[in-house]
Amino acid sequence: MMELELEEQQQLQIRCLLLTIFAASIGGTFQYGYNLSIINAPTIFIQNFINETWIERHSTQLENQVITLLWTFIVASYSVGGLVGALIAGPMAIRFGRRNLLLLSNAFILVGALLMGLSKTLKSFEMILIGRLFTGINAGVGMNINPMYLGESAPKEIRGMVALSFAPFTAAGIVLGQTIGLEEILGTEELWPLLLASCAVPSLIQLLTLPWCPESPRYLLIDRENQNKCMKALKRLRGDVDLTTEMDELLEEQTALKGQSAKRLWDLFQDRSVRWQLIITLVLGSAIQLSGNDAMYFYAVYVFSAAGIPNEKIQYVTIGTGCCEFITAVTSNLFIDRIGRRMLLMGGYSLMVGCGILFTISLTLQDKVSWMPYLSMICIFASILSFGIGPAGVTGVIPMEIFDQTARPAAYMINGSLLWINLIVIGMTFPFIVEGLGSFCYVPFICMSFLTALFIGIFLPETKGKTFLEISEEFYRRNFKEPVRGSCDF
């Protein structure tokens, strides 16, 4: 009888965790991947719409360079919105809570979906630009708060797996966005406004499911100082089991942080107690974009075409690249609490170095050796697989683990801002890098991946299986180069 009750409690805990993961991620990082990919399919249709709208307004046709410039603004507005979302996520997470902020951020995407969906009817391409800006804000909030909320709600033993579960949703968003954008579905001249507005569906799903999930127990206890609500949230997440040990750990963490208020962005740069955590976040937050994964996507169409794949079939092969990232994200999710964060990150970047070297060789010999395009194709898929093993997801987990409760929101502001700033920088500079370096354009990314792997191997401590307080104490010793006396003064 006791064994049956225990099994039922375990099943209840698993169901509650799965619901929390799904509800948080479907309107969180899933939206980032989905909105990143759906804009590619209707490129030509939207550019034609911009020109037609201009002719109707001013009885004159736009030059191609101007149309391209306006299109660039539409694409870039998503990243600008993402940067805004990353910057507002920290203060709002402290004020409203993790779960509630995820729910509130749906307002941005619903407004954006409405604007984009009505843009063709109202003959306003400016509505697309503003709509993409709003969807970007939602993505910026989601990329920060989603892993933070899941990591704070998870048991210590599977914290990595639960926190990293946002990564498969990101990859799934990319794949679904690529699939929905096919001509056979919504990627047509008549249906592209519906394609852009379809991001409202995941948002509505989150609004229906996430209210059934509890707020982060750590937020309720440490930020709100409400032990009763914290205990209720833990019971909903864990079921009717003995929570004494976990509650004692939380209370110990609360005691260590007693009297400290939430840190602001600039506080982190002045606080010696988070010096190494900040350095690690700055390096990893920059490397995720500067490692060249997006550059691989840039070359994908060219390489697939050179390999003899018909142009009308390339869109289907491109979906395969998104599937690669999804497969490795799921695999990484299963192994993060066995192999550890450090090994996944170091292994991922090291494999990207190898793939990058082979890719550079294949690009150099592309027109000289008949089978080189096939090697380039293999390198593209292998590099995306390597990126998905660690960098794509684990980078988002690290700030959640190495910063304490008071510094975590500000740390995610930095991590998220770096992602979006570097996304904008790479998008603007990569064409010039290609023009200047030709087949050697990937060399800067190889160097960045190598240096990042080296940095991780030397400076990043393993956090697998440790409590937040144990991790804080380890960094205390590193930052002050002395043993901890009493509680950790973080």
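Guide: Buried means under 20% relative accessible area, exposed over 50%, and partly exposed in between (1.4 Å probe, protein chains only). This is a predicted model, in which local features need pLDDT of at least 70 and side-chain atom pairs count only at pLDDT 80 or more, while totals for chains, interfaces and linings use all residues. Residues are numbered from 1 along each chain as its sequence is written, and side-chain values use heavy atoms, with hydrogens and water left out.

Visitor: Where is the place of Lys 123, and what is its phi?

Guide: Lys 123 belongs to the loop between helix H6 (106-118) and H7; helices (H or I, at least four residues) and strands (E, at least two) are DSSP runs, numbered from the N terminus. Although Lys 123 is not a glycine, its phi is positive, at about 55°.

Visitor: Is Ser 59 buried or exposed?

Guide: Ser 59 sits in the loop between helix H3 (43-58) and helix H4 (64-96). Its phi is near 55°, a positive value in a residue other than glycine. The relative accessibility of Ser 59 is 67%, so the residue counts as exposed.

Visitor: How many helices and strands are there in the chain, and why is the chain called as compact as a globular protein of that length?

Guide: The chain holds 24 helices and zero strands. The globule rule, 2.2 Å times the number of residues to the power 0.38, is compared with a radius of gyration taken over C-alpha atoms. For 490 residues the rule gives 23 Å, and the chain is as compact as a globular protein of that length because its radius of gyration is close to this, at 23 Å.

Visitor: What share of the contacts with a separation of 6 or more joins residues 24 or more positions apart?

Guide: Of the 490 residues in the chain, 54% are buried. A contact means heavy atoms within 4.5 Å. Among contacts with a separation of 6 or more, the share from residues 24 or more positions apart is 82%.

Visitor: How many salt bridges does the count give?

Guide: Side chains of opposite charge can pair when their charged atoms come close. The chain has 34 positive and 40 negative side chains; Lys and Arg count as positive and Asp and Glu as negative, with His and the chain ends not counted. A salt bridge is a side-chain nitrogen of Lys or Arg within 4 Å of a carboxyl oxygen of Asp or Glu. By this rule the count is 13.

Visitor: Which residue forms a salt bridge with Arg 98?

Guide: The closest N and O atoms of this pair are 3.0 Å apart. The pair links distant parts of the chain, 54 residues apart, from helix H5 (residues 98-104) to helix H7 (residues 126-153).

Visitor: Is Lys 263 buried or exposed?

Guide: Lys 263 forms a salt bridge with Asp 271, with the closest N and O atoms 3.7 Å apart. Asp 271 has 23% relative accessibility and therefore counts as partly exposed. Lys 263, at 11%, counts as buried.

Visitor: Which residues are linked in a network of salt bridges?

Guide: Glu 474 and Lys 466 meet in a salt bridge of 2.7 Å, N to O. The network links Arg 159, Asp 337, Arg 341 and Glu 401.

Definitions and conventions
Charge placed at Lys NZ, Arg CZ, Asp CG, Glu CD.
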